[in-house]
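This report goes through one protein structure by topic. Please look at the sequence and the model first.

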Amino acid sequence: MTLPKRLLATHATKSVGPLTGIRVLDMTRVLAGPFCTMLLGDLGAEVIKVEHPARGDDTRAWGPPFKLYEKQVGAIEGVTSKGGLYRQPPLFKGESAYYLCANRNKHSIAIDIKVQQGRQVILDLAKESDVFVENYVPGKLAEYGLGYEDLKKVNPKLIYASITGYGSSGPYANKPGYDTIIEAEAGLMHITGEANGPPVKVGVAVTDVTTGIYAHSAILAALLSRVKSNVGQHLDVSLMQTQATVLANIASSYLVGGKESSRLGSSHPSIVPYQVFPTKDGSICIGAGNDKQYKIFTDAISRPDLLENPKYATNADRVQNRDELVALITEALSDWKTDDLVSRLEGSGMPFGPVNTIKQTFEHPQLVARQVVKEVEHPFAGILKLVGPAVEYSTSEVGVRLPPPMLGQHTEDVMRSVLNYSDDQIESVARSGGAILYDYNI
């Protein structure tokens, strides 16, 4: 059968990024995995996102807010039918903000790995890929013949990264992992919140994000190792181990000194003042990291008595008399407007910062000057605003090349351009249900 001529997904203009020429097969969903593969995509890697044919990445439904579609998502007239090869795309309310935050610079294919021909597509793609990233419960993909040992046979150079809640071994290996649960179980929630309040989660899914960053750096190291060894390897990345690692000085205080940490709100266990204080009209964060900075602070707020008192002379003294000093500073700053205090401290050498809303954050002169917010055109949702990469490179091209894809937007394109499937092969996979061809007419 000869398939109808179609306008396939448009690829971005090629640019030379650090990972240009590297292909990543992405079988992850939600945040830790997609964040990892997005970072690889930002660096120039070609990322092929494998999604469930009907619902796609779970986060597609996580809203509101949604970026609503500006034009109808529909099929080419006369091509799609109930029994036809191409299907009407599934209807979502729009593109969810959650999904958009972690899925730029990717292509999406709709594959059902419960179907043999769908699994064959994954195997064929693994042969042509450099990196494979998944976040299934340990052993699940092996049940479908898609585990590390399976893919290693078809591509010995493949770097296979598994992102799980607890790792691939140990008594909790088969337990599903979620950011909030790991924050609680791995100590972060115990040290987060006000001193007299209950444990609370961090305002963003920080364990997921840091795990994605760790996975991304591990993949880069494995790619470098492959240059020397000419073989791939399995990377075992977990939320639990990542969160334990990023406890940093808190972990060290316990392991070295047997000190059990507690919640301190925004304050620091070893530095005073180093916390948020209320002002007359808002809040400001003050960080006197040494005695010189503390003197600058007391001079700025015209309170020399807070320096002259021997109970506050050194940081050790201030930590010892924390409650008393914090109460005095709180009283002193209650008469200051935030902007006035910012003006007084500006350029003084004293670390400080107002507590900004998210709106104020993205209006911050520094972020505006650095052009942190990027814009990219989506085929149905119009112009999207996304937070760009955190690192700027002097000679490499890094950034937002492609908008987050529609579900299965590139299934046919990938089978043709990457796997060189014929029309008959594509039709066979589609009719088996192993791949779904959605007609977006773009």
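Between which strand and which helix does the loop with Val30 lie? The loop runs between strand S1 (23–27) and helix H1 (32–42). Helices (H or I, at least four residues) and strands (E, at least two) are DSSP runs, numbered from the N terminus.

## Basis and confidence

The model is predicted, so local features need pLDDT of at least 70 and side-chain atom pairs count only at pLDDT 80 or more, while totals for chains, interfaces and linings use all residues. Residues are numbered from 1 along each chain as its sequence is written, and side-chain values use heavy atoms, leaving out hydrogens and water.

The predictor's confidence in each residue, from 0 to 100, is called pLDDT. Its average for the protein chain is 93, and 94% of the residues score at least 70. Residues 1–14 have a pLDDT below 50, and this stretch has 32 contacts (heavy atoms within 4.5 Å) beyond near neighbours in sequence. Residues 76–82 stay under 50 as well, with twelve contacts beyond four places in sequence.

## Backbone exceptions

Most residues other than glycine have a negative phi, and most peptide bonds are trans. Val30 has a positive phi of about 75° and is not a glycine. Asn105, also not a glycine, has a positive phi of about 55°. Asn105 is placed in the loop between helix H2 (97–100) and strand S6 (107–110). With a relative accessibility of 1%, Asn105 counts as buried; buried means under 20% relative accessible area, exposed over 50%, and partly exposed in between (1.4 Å probe, protein chains only).

Gly63 and Pro64 are joined by a cis peptide bond with omega about 5°. Pro64 belongs to the loop between strand S2 (46–51) and strand S3 (66–67). Another cis peptide bond, with omega about -5°, joins Val272 and Pro273. Pro273 sits in the loop between helix H9 (248–257) and S10.

## A sheet of three strands

Three strands form an open sheet in the order S10-S11-S12, with antiparallel pairing. Two strands pair if DSSP finds at least two bridges between them. Strand S10 (274–278) and strand S12 (352–354) are the edge strands, each pairing on one side only. On average, neighbouring strands of this sheet are turned by 20° against each other, direction ignored. Axes are lines fitted to C-alpha atoms, for helices over the stretch in contact, and angles run from 0 to 180 degrees between N-to-C directions.

Strand S11 (residues 283–287) pairs with S12 over three bridges, and Ile284 stands opposite Pro354 in S12. Across S11 and S12 lies helix H14 (residues 338–345), which runs at about 25° to S11.

## Salt bridges

The structure holds 20 salt bridges, where a salt bridge is a side-chain nitrogen of Lys or Arg within 4 Å of a carboxyl oxygen of Asp or Glu. One of them joins the side chains of Arg104 and Asp42 (2.8 Å, N to O). This pair links distant parts of the chain, 62 residues apart: Arg104 is in the loop between H2 and S6, and Asp42 is in helix H1. Arg104 is buried at 3% relative accessible area, and Asp42 is buried at 2%.

Lys49 and Asp57 also meet in a salt bridge (2.8 Å, N to O). Lys49 is buried at 0% relative accessibility, and Asp57 is buried at 2%. The salt bridge of Lys359 and Glu363 (2.6 Å, N to O) has an exposed partner, Lys359, at 58%, and a partly exposed partner, Glu363, at 48%.
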